[in-house]
Amino acid sequence: MLRYLLKRLFFMVPMIFGITLISFTVIHLVPGEPGVLDSEMNPKVTKQVRERIRAFYGLDKPLHVQYWMWLKRVVKLDFGTSFAPDRRPVIDKIKERLPVTILINLLSMALIFLVGIPIGIYCARYKDSILDKVLTSFVFAGYAAPTFWIALLLMMFFGVYLELLPISGIKSFNFSELSFFGKTIDVAKHLILPVCISGFGGLAGISRYMKNSLLEVLRQEYITTAYAKGLPESMVLKKHALRNALLPVITILGLSIPGLIGGSVIFESIFSIPGMGQLFYMSVMARDYPTIMGILVIGAFLTLLGNLIADISYALADPRIRIG
Amino acid sequence: MLSRQSLIFILLAFLFFGCSQQKGTTSYDDPGKPAYGDMIVMASIGEASNLIPLLSTDSASHEISGLVYNGLVKYDKDLNIVGDLAKSWEISKDGLSITFRLKKDVRWHDGKPFTAHDVLYTYKVTVDPRTPTAYAADFQLVKKAEVLDDYTFRVTYNKPFAPALISWATAIMPKHLLEGKDITTSPLIRKPVGTGPFVFKEWVPGDRIILTANKDYFEGRPYIDRYMMRIIPDSATMFLELKHYGIDMMGLAPLQFLKQTEYPRFKQEYNKFKYLAFNYTYLGFNLKHGPFKDKRVRQAISYAINKKEIIDGILLGLGEEATGPFTPNMWAYNGNVKRYRYSKEKALALLKEAGYEKGPDDMLKKNGSPFEFTILVNQGNTVRIQCAELIQRRLSEIGITVKIRVLEWASLINEFIDKRNFEAVILGWSINPEPDPYDIWHSSKQGLKELNFISFENKEVDELIIKARHTFDRAKRERYYGRFQEIIAEEAPYAFLFYPYATVAVHKRFKGIEPAAAGLMYNFIKWYVPENQRRYKADAALSP
């Protein structure tokens, strides 16, 4: 197992290197440059000013030199300073944004598992029943409908029409005056819609996996044997089928980590949540190369880590993989 | 698992807290008396980037720094130039130098007095080649800047330069906090210290920026105690927040202004304002491209576009027909220029004169080749895309085939406009009340990244622009610019489409708002909320 782990870790290095090289090139191929993007078509920005700003950001050097300089810094875990005019260290910007993104994603992951798995189990157990069909179509409709559209509908209904939930942001204006309990309720109220929205898309996948996996297990001979022994249905389901059916579903947990930051871009922008997704979106719009690269490297690392966790769980469950 | 009872309890708790948010019971019709207090909540699509205005180009940063800093001069409600930090100024007889006499009772937010040395420092740091600023151009024309005494500052130019005076509306920076340091890494980028009506208080990245009233402001303490700018990157969310009373003021799209806010509850809570904005939208022709070299073709297209239909159909009436590069609320505007009222017949006659004949398929042809061209538009701007569609339809009626290509902003500018790789484009210019059209219309401004990208050349226009630029005599400038607009109208290098209205909703509890040529915010320090209509407590929205 240790050899397998080391081998996997070793292969992660060239992978990250490759990802950064491609990302760096692609980002620099996009038209528009930092610093002067807002002032495109501004009469006051002369050619000399543009040259001056280019030199200031080091964009006058050839691309491979820029990449080499970037790589030398990143190896020392220094993501550099942002090209946004605030010139703050990229790592500081990411640090202050990361917690809220992780919180929302953990909550939505919990929602996906707490709601998706029971739906999957129900649909497998009562396959082809009316409720199975209704649930499946509902979950898939949610998966297919654009996130921003559902988000706006819910904001309009719960926020403007019912005035039950806040529309955007993460805290109310009077947050500092609230008691601890009040603060918790306040943040919880702000999180309901974003968490539901970010979780909704994942429900379809998980419930489908759960249903198919359970159906697969229920067809196995040992389940037939269990029934033949006269065990009650709930016992067969709980003791024999579920445990085995859950295994592949749990590995999906590892695989869903990388999607977190990508998915955050949409709902953090819609709900004005100051998280990583919003930072990424704004950095791309401002062509803030160091911040974009910083987020991408962390994203790439999380992707590979997610894959590794998934593979390890598989390996733990199935010895054939460990040996191969 | 939660029990059924606890689930019901949680739901009830949310209902209870939700209901406690109900607003809208106060009547805001009573004008009340001016009183200090309350907070105004604004929203911005993008986050401010840098609160040293010299270093930022985005509107969110400038909106905030505009309240924190002062210039030497500013525009008043009728767009006259008046003193801000300057008490008065003299322009020398030869027009070469301006001597500013500064106000003596002004202090920086940290308590240090403001002097002429701060102005000199601001000038020096702006023209310093190490400062990555977009605003050096006007100051590079300065020959000499000098401090005569603590409260007198003189600046001398090589040639009289008419836009010079208003260029000193630039934000003056505190010398005592910046001199000898690298401005690009200064803490003032995040925590500005100015002389303005509002003092910087807090910046929660990605979320909000808060300013508080400067109690010692030299023009008097602002009535509104606090100013908050929230970052709401999605415009649909921003509109929902306005309807939910999460923000107090917002610019509205025509449909929002006329239809989506026309319900009693909204009218009870918000005032809506409408005034001519300082910008115009146009269809610009590449004058180096075959058919557009001919003035008659350009004029024909201007006749063939129904501007009224564009304003009524797309802006829902919230705009005026454009006649040239100045807006009607500017002193330099000349309304008596050639107008192109919609006329298919005139268009066809001009095209015939230019050698275009209708073929058997009803399409215009010259020497056998059909008349067709592509209009470029930037993505995300629905108004411009819809304009392109209406123009396409109108031109197809006279036999011209128009294709529309929608491009992302940066690629439109970098790949097509800068490389002159376009036939026609729909864009808009935001303009300044100071009318100098040098950068857009002078023939010398056709280089890479310069703004005369349609390649307009006209000797008389060049002369008029230069003459107007080098005199301070308003009457003379008006004459020069009047003629300039006549030539532009005749030459039709752009088909001028419309001047849009700015349409804004402001919460009714704010009193003292007087829409004027300068917009709404020029007298912001005089806005107030009567005591009985106040919404926010003194320390609302601040972090603990």
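Helices (H or I, at least four residues) and strands (E, at least two) are DSSP runs, numbered from the N terminus. The model described here is predicted: local features need pLDDT of at least 70, side-chain atom pairs count only at pLDDT 80 or more, and totals for chains, interfaces and linings use all residues. Residues are numbered from 1 along each chain as its sequence is written, chains are lettered from A and ligands numbered from 1 in the order in which they are written, and side-chain values use heavy atoms, with hydrogens and water left out.

The C-alpha trace of chain A spans about 85 × 55 × 35 Å along its principal axes. Of its 324 residues, 44% count as buried; buried means under 20% relative accessible area, exposed over 50%, and partly exposed in between (1.4 Å probe, protein chains only). Among contacts in chain A (heavy atoms within 4.5 Å) between residues at least 6 apart in sequence, 69% join residues at least 24 apart. The accessible surface of chain A comes to about 16500 Å², and 71% of this belongs to carbon and sulfur atoms; accessible areas come from the Shrake-Rupley method with a 1.4 Å probe, and for residues only the protein chains shown count as cover.

On this surface, Phe148(A), Trp149(A), Leu153(A) and Ile266(A) form a nonpolar patch with about 410 Å² of accessible area together. Patches are made of residues with over 30% relative accessible area and no salt bridge, like charges being joined within 9 Å and nonpolar side chains (Val, Leu, Ile, Met, Phe, Trp, Tyr) within 5 Å. A salt bridge is a side-chain nitrogen of Lys or Arg within 4 Å of a carboxyl oxygen of Asp or Glu. Helix 6 (residues 147-161) of chain A gives the most to the nonpolar patch, with 3 residues. Ile266(A) lies in helix 10 (residues 259-270) of chain A and is partly exposed, with a relative accessible area of 41%. Ser213(A), by contrast, is buried, with a relative accessible area of 12%. Its place is in helix 7 (residues 180-218) of chain A, and, leaving aside neighbours within four places in sequence, Ser213(A) is in contact with Ala245(A) and Pro248(A).

Chain B brings strands into view. Strand 4 (residues 86-91) and strand 5 (residues 97-102) of chain B pair in the antiparallel sense over 5 bridges; two strands pair if DSSP finds at least two bridges between them. Ile91(B) has Ile98(B) in strand 5 as its bridge partner. The two strands form a hairpin with 5 residues between them, and Gly95(B) in the turn has a positive phi of about 75°.

The structure holds 46 aromatic pairs over all chains. Phe198(B) and Tyr227(B) form one that is tilted, at 6.3 Å centre to centre and with 55° between the planes. Phe198(B) lies in strand 8 (residues 198-204) of chain B and Tyr227(B) in strand 10 (residues 224-231) of chain B, so the pair ties together parts that are 29 residues apart in sequence. Both Phe198(B) and Tyr227(B) are buried. Rings of Phe, Tyr and Trp (its six-membered ring) pair if their centres lie within 6.5 Å; planes under 30 degrees apart count as stacked, over 60 as edge-to-face and the rest as tilted.

Finally, Glu514(B) is placed in the segment after strand 21 (494-507) of chain B. Glu514(B) is partly exposed, with a relative accessible area of 41%.
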